[in-house]
Amino acid sequence: MAEVKKMFIDGEWVLSSSGDSYTLINPATGEPLAEVTKATREDTQRAIAAAKRAFYEDGWCDVEPLKRAELMNAFADEMEAQVEDLARIETMNNGKSLTESTYDVYDSANCLRYFAGLCTKPTGQTYQVPDTNVFGMTVREPFGVVGMITAWNFPISLAMWKLAPALAAGNTVVLKPASYTPLSTIKLFEMMEKVGFPKGVVNLVIGSGSVVGDELAKSDDVDKVAFTGSIEAGQSVMRQAATNMKGICLELGGKSPVVVFDDADYKTAVDGAVFAMFYNQGEVCSAGSRILIQDTIYDKFVKDLVKLTKKIKLGNGLDEGVNMGPLITEDHMHKVLGYIETGIKEGATLLCGGHRATEGALAKGWFVEPTIFGDCTPDMRIVQEEIFGPVLCLQKFHTEAEAVELANHTTYGLAAGVYTENLGKAMRVIRKIRAGITWINEYGPVYNEAPWGGYKQSGIGRELGTYGLDEFSEVKQINVAKTSAPTEWFGTVD
Ligand code: NAP
């Protein structure tokens, strides 16, 4: 029996108090990958108690910002020193290509460095109140204990988008990774232990959403919960967070439009559309899963889109030249294949892909061919629902107004893109689309310096950028009377 992977609570690597564990499967091979401990509610409470003690009693709340920055920079150095190992673990657990995993590691190290820089640059306001004797200012303070719940599609990045700003702001943390992909997060915690984060400041609890996630969301001792995942689980977190009115940050799903006008730089737009949809197997919250193409170029654009999509090389992410890996689980693969059947039944035109890929070694894993549907209409389920796999829907539009209407015609509002060489038109359209993350003449890059988050049902709050730091701190107003004088509102003191 393989050694059971442990979690990190109060500075110790421990097994679940129940002794339970579960088996991870490599999605590229269908073979067992690792045995991992499975926490109970009591384990989660223990981690929360450790984080609370570290914050209030052990003095983390008073640690100098420069010391926090030093620890974070050392953590980033460690990530870069172990990039190959970390990327390999990520690819075997999640399935994404080694190139993508490697990119995630470097980008997350940059995220740490960005927020380490912000540790020492607190900002606030001064304000003038009507009483000129009073001087007013605001300061930012940490929440205390932050609970973090992440999804499986970008395990390293999603952990870092929460850990880096939360630690920079001076909080202590308890993190629960997605059950399918805890391995790279375990490695991150080994690094934090090595660089010397004090006992209880960072805690890792591995277990199910309905137990560990639920406990983090509802515990009276957690002051803020930061969640990435589906709308349904996000709603549950929001309900549970109401127990003690804790702060919430919810990063949820999307069905994002990419609008291509006939005056776009053609090659950039075709390339951008394929990247928007098929990066990371299409398992991306901000995937450009609806491409809206102006009718004047529709036929030619579609032909070239399909041609480029057919160049995507499916395979085990560890293999050279592979640029699309398997989906995360067998169940998820069947869900995606179910959507493809739905698209066909709904009358969309299948332009390429459409099947499970079973050639040679692919048969052992959870591979789905990159799939494109043409002639999609606004109310089809494949156009409205997040598929979270490599399935692209194409729609045709005639006017700018029609493009905006189609773009906004879902309950989501995470991301959007516009391709046109007419900057005025690009700005008009982007300002009318109800989405929090937008790109013009590019699609997809995540910038650690820019706020990440959605409109509508795609979420609440922002991670990354200085907005991300604000998300993990409270604002306090301090009013100082320059000269002491009784108010005498209720009379005088004898
Ligand atoms: P999910 O099923 O909602 O799970 C996300 C996380 O929440 C997991 O750690 C999960 O634990 C946990 N969880 C599940 N039920 C919970 C509950 N009732 N209370 C507390 N935690 C709970 O989502 P997923 O399938 O992993 O991820 C895909 C979704 O995430 C997509 O909708 C995608 O768009 C979204 N996403 C959004 C962003 C963004 O930045 N906006 C980024 C990435 C992904 P278990 O793993 O144990 O079930």
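The model is a predicted one. Aromatic pairs turn up 13 times in it. One of them brings Tyr266 and Phe301 together edge-to-face, with the ring centres 5.8 Å apart and 90° between the planes. Tyr266 belongs to helix H9 (residues 266-278) and Phe301 to helix H10 (residues 298-309), so this contact ties together parts of the chain that are 35 residues apart in sequence.

Another pair is made by Phe275 and Tyr279, and here the geometry is tilted, with 4.9 Å from centre to centre and 40° between the planes. The angle counts as tilted because it falls between the cut-offs for stacked (under 30 degrees) and edge-to-face (over 60). As for solvent, Phe275 is partly exposed, at 39% relative accessibility, and Tyr279 is partly exposed too, at 21%. That value for Tyr279 doesn't count as buried, because buried means under 20%.

Trp161, Trp439, Tyr443 and Trp452 are joined by ring pairs into a cluster.

Then there are the lysines. Lys425 lies over the face of Phe261, 4.4 Å from the ring centre. Lys224 does likewise with Phe472, over whose face it sits at 6.0 Å from the ring centre.

Definitions and conventions:
Residues are numbered from 1 along each chain as its sequence is written. This is a predicted model: local features need pLDDT of at least 70, side-chain atom pairs count only at pLDDT 80 or more; totals for chains, interfaces and linings use all residues. Side-chain values use heavy atoms; hydrogens and water are left out. Rings of Phe, Tyr and Trp (its six-membered ring) pair if their centres lie within 6.5 Å; planes under 30 degrees apart count as stacked, over 60 as edge-to-face and the rest as tilted. Helices (H or I, at least four residues) and strands (E, at least two) are DSSP runs, numbered from the N terminus. Buried means under 20% relative accessible area, exposed over 50%, partly exposed in between (1.4 Å probe, protein chains only). A charge sits over a ring if NZ of Lys or CZ of Arg is within 6 Å of the ring centre and within 35 degrees of the ring normal.
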